[in-house]
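Me: I would like to learn how to read side-chain features in a model. Could we go through them one at a time?

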Amino acid sequence: NMALKRPKKPKFKPMPKAPKMSASDDTWKAYEKRADAIVAENRKRKSEYDKKLKAYENGVKMRESIKTKAKNKAF
């Protein structure tokens with residue numbers, strides 16, 4: 001595999017600016033659609049980051065356990 005490197009935190013997309021309260025229903029529905037799409041994208045980025053972080057942490061644990069076993073075997 002490759003060298004162990006902590007994954008970078010993801011950059012999340014900012015939420016769109018809400019329309020004025022006097023805006024039409026269509027405008028509000030379009031805003032809701034945009035907001036939902038951004039929330040979904042941000043969740044996807046977060047889950048990918050969490051997956052990579054878990055793999056990183058498991059790699060660290062594995063290395064530590066091997067190190068401990070090797071130390072105990074010496075002499």
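Reply: Start with a charged pair: the side chains of Lys 46 and Asp 50 meet in a salt bridge, 3.2 Å from N to O. Keep in mind that this is a predicted model.

Me: Where do Lys 46 and Asp 50 lie?

Reply: Both Lys 46 and Asp 50 are in helix α1, four residues apart, which is about one turn of the helix.

Me: How many salt bridges does a search of the whole structure find?

Reply: The search finds two. Besides the bridge between Lys 46 and Asp 50, Arg 45 forms one with Glu 41, where the closest N and O atoms are 3.0 Å apart.

Me: What separates Arg 45 and Glu 41 along the helix?

Reply: About one helical turn, because Arg 45 and Glu 41 are four residues apart in helix α1. Arg 45 is partly exposed, with a relative accessible area of 26%, and Glu 41 is partly exposed at 25%.

Me: How is a pair of aromatic rings described?

Reply: Two values are used: the distance of the centres and the angle of the planes. In this structure, a search of the whole model finds one aromatic pair. The pair is formed by Trp 28 and Tyr 31, with 5.7 Å centre to centre and 85° between the planes. Planes over 60 degrees apart count as edge-to-face, and the pair of Trp 28 and Tyr 31 is edge-to-face.

Me: What is Leu 4 in contact with, leaving aside its neighbours within four places in sequence?

Reply: Leu 4 is in the segment before α1. With those neighbours left aside, Leu 4 contacts Tyr 56, Gly 59, Val 60 and Arg 63. The C-alpha atoms of Leu 4 and Ala 55 are separated by 9.6 Å, although the two residues are 51 residues apart along the chain. Leu 4 counts as partly exposed, at 34% relative accessibility.

Methods. Residues numbered from 1 in each chain as written. Predicted model: local features only at pLDDT ≥ 70, side-chain atom pairs only at ≥ 80, totals over all residues. Heavy atoms only, no water. Phe/Tyr/Trp six-rings, centres within 6.5 Å; stacked < 30°, edge-to-face > 60°. Salt bridge = Lys/Arg side-chain N within 4 Å of Asp/Glu carboxyl O. Helix = DSSP H or I, 4+ residues; strand = E, 2+ residues; numbered from the N terminus. Buried < 20%, exposed > 50% of the residue type's maximum accessible area, 1.4 Å probe, protein only. Contact = heavy atoms within 4.5 Å.
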